[in-house]
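Please look at the model below before reading on. The paragraphs after it go from the chain pair down to single residues.

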Number of protein chains: 2
Amino acid sequence: MRSDPSHSRPDSPPAIPDDAAGSPHAPEFRRDPVTGRWVVIAPERSLRPIALEGAEPRHRANGERRPCPLCPGQEHDTPNEVLALRAPGSQPDGPGWRLRVVPNKFPAVRPLPGGTHKDGDLLDRAPGYGRHEVVIETPEHLANPTRLSDDHFRDVLLAYRDRLLALSADVHLRYATVFKNVGAEAGASLGHAHSQILATPLVPDAIREELGGADTYYTTNRRCVFCDILRSELADGRRVVAESPQFVAISPFAARFAYEMWVLPRAHASRYESVTAEAAAELAGLMKRVLRGLDAVLAEPAYNWFLHTGPLRSAELPYYHWHFEVTPRTARAAGFEWGAGCFINAVAPETAAAQLRDAIM
Amino acid sequence: MRSDPSHSRPDSPPAIPDDAAGSPHAPEFRRDPVTGRWVVIAPERSLRPIALEGAEPRHRANGERRPCPLCPGQEHDTPNEVLALRAPGSQPDGPGWRLRVVPNKFPAVRPLPGGTHKDGDLLDRAPGYGRHEVVIETPEHLANPTRLSDDHFRDVLLAYRDRLLALSADVHLRYATVFKNVGAEAGASLGHAHSQILATPLVPDAIREELGGADTYYTTNRRCVFCDILRSELADGRRVVAESPQFVAISPFAARFAYEMWVLPRAHASRYESVTAEAAAELAGLMKRVLRGLDAVLAEPAYNWFLHTGPLRSAELPYYHWHFEVTPRTARAAGFEWGAGCFINAVAPETAAAQLRDAIM
């Protein structure tokens, strides 16, 4: 079923296995006929290796122990890189890199031929078109991103920006979701620090709701809701976790998860693509501080982070404000959360912020 | 912080600890100012014991091993029962029961004084008013509901109905969410078979979206979307898991979770309260069959089930159709699912249904 790593050039799509396009294994978007909620049916994802036990850079696949596919020397185990920070003179897809971005070998979506046509029926579906990339954040086999140097963390944040700009060139793609899973409880399947970028023709439902809510607020108030939240939180102070000249970290008022944090730029900006290298360096410093605080309070919990930004190629929007959301996994979501779409958070955001502030000081 | 078990009478609210109402520990609904999504901030939930290791009916709380609070002989460890099926002559809140419904000792919401007033600000909040009940399904310390007899399973389904009817008497409550967590991965904190009922003044967001989507479909088509799905799935057959004269189990077309199942009545009905004892007996038989199939295919996975029904005291609605959703926990939801609100399902519903059919036959 799996093809060899593709031999495409940087920024061209990874090769599609001949037997996959149009096969029952090709990924597909499907729309729930009641709620309109889209899901991705991605049978290829079930083939990916799971390698988290222990700290060794090896994993078990089909009963056989193999080296970590994200470590240097294993570049043949990933599709060809689309972005890399490399030592002068080093060869693409060889060692000598300090950060690489590669197509996901077990993608949820793929640049399928046949485009993005939808059926439009009661049972609506569309080809699972898209790009699913992996940002390999460091050559070192480490899992905790706070162990990256400040410069290295900045480079990860700039790689996100550069890939958003590169993915904007594909007009079929409307949104690129940048996220990171830290720890098995947060969905990570490999113990080597990496982020993921999932670019799709659909704006994901949660982002669509957020954009819609922010637009409605702006229509009524002629102010960005995130700017108003920042003003209100900075005046109140109880939910502020940490600050830097250009950024603020808060425990959001209606946090779904215990110790959830949002990190926002003070200045209004809807597109993460506009972040400068200087701002990224400052953001990296603040992110490292608040994540170390989280590690201290909860003894290195599993968590996700997620970049919320405007759609690809969008103009600067007066109503939207890019930010990171950090969501620890301290409790398993239970039936009520999944079924009712309503989260029960056992730690008041004010309590969480006070603990995080104490840990950061 | 915790009070003794309350000594209220059946169907009256459990006693509120004096220090909790209005205290920083009282539960609260909070509205996300961007999306409008409601969450429950419930600090008391963090006090509940977690007791799942091993099969023994004992749990560890504060370092001390105590008997399972849901077992016979431990009735003093739960608030007073609001419903029970009992041997003739047995005393309320003593042994001799085969099913009990009690208020949750560590509730997410409570019948707080002060009602359901909302602030209506940028940071909107309301008291965490509601009822959170536990359906103790059997006196036996077992976790797998398929080990209940058919009659016993029917009685659980009828207890749901009877509590929905009883909770309808509180006009502040608009929706009662009935759900069950099986296994730690699904959020269960006790290894003794139980369901939960969470009744709130708010219709939970996911149910509101489902009701809204179904209403829109009806406005356009003058047909219930669930009736149309049933017709379409029965004609197609590929996603049908099992059938009985009055009920059908399917793998939904846009399943969010691998091996997700919906169990629907063939005849249109929006309110679970209308289910008869005879229909509940048939439903119990079908639910046991499909859950045994799931246990066989996935080696007793963790899962949730969730009753989707019309709001409390609603009239019979032409656009809505009650059903159960069964959602296995085969993969941890990762950053993309949480952050984007879009689920990636690695098992096509057609594949899942075929495997489940084979296991059930």
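The model is predicted, so to speak of local features pLDDT of at least 70 is needed, side-chain atom pairs count only at pLDDT 80 or more, and totals for chains, interfaces and linings use all residues. Residues are numbered from 1 along each chain as its sequence is written, while chains are lettered from A and ligands numbered from 1 in the order in which they are written.

Start with the relation between the chains. Two residues are in contact if their C-beta atoms, placed from the backbone, lie within 7 Å.

Across the interface, 64 residues of chain A are in contact with 64 residues of chain B. Helix α2 (residues 205-221) of chain A gives the most to the chain A side, with seven residues. Helices (H or I, at least four residues) and strands (E, at least two) are DSSP runs, numbered from the N terminus. The chain A side that touches chain B divides into 36 nonpolar, 14 polar and 14 charged residues. In this division Ala, Val, Leu, Ile, Met, Phe, Trp, Tyr, Cys and Pro count as nonpolar, Asp, Glu, Lys and Arg as charged, and the others, Gly among them, as polar. Strand pairing also links the chains: β16 (residues 343-345) of chain A and β2 (residues 38-41) of chain B pair in the parallel sense over three bridges, where pairing requires that DSSP finds at least two bridges between two strands. In β2(B), B:Ile41 is the bridge partner of A:Asn345.

Within chain A, the domain assignment, automatic or from a database, gives domain 1 (71-203) and domain 2 (207-360). Their C-alpha centres lie 22 Å apart. The contact takes 28 residues from domain 1 of chain A and 27 residues from domain 2 of chain A. On the domain 1 side, α1 (150-167) and β9 (175-182) of chain A are the elements that give two or more residues, and α1(A) gives the most, with 10 residues. That side divides into 17 nonpolar, five polar and six charged residues.

Now take strand β8 (residues 131-136) of chain A. Six of its six residues are buried, that is, each has 20 or more other C-beta atoms within 10 Å of its own, against 12 or fewer for exposed and a count in between for partly exposed, with C-beta atoms placed from the backbone. In a regular strand the side chains alternate between the two faces of the sheet. Here A:Arg131, A:Glu133 and A:Val135 point one way, and A:His132, A:Val134 and A:Ile136 the other way. Four bridges join β8(A) to the antiparallel strand β6 (residues 97-103) of chain A, with A:Arg100 opposite A:Ile136. β8(A) also pairs in the antiparallel sense with β10 (residues 194-200) of chain A over six bridges, and there A:His132 stands opposite A:Leu198.

Two residues of chain B remain. B:Arg222, which is not a glycine, has a positive phi of about 60°. B:Arg222 is placed in the loop between α2 (205-221) and α3 (225-236) of chain B, and counts as exposed because 9 C-beta neighbours lie inside 10 Å. B:Arg313 has a positive phi near 65°. B:Arg313 lies in the loop between β14 (303-308) and β15 (323-328) of chain B and is partly exposed, with 16 other C-beta atoms within 10 Å.
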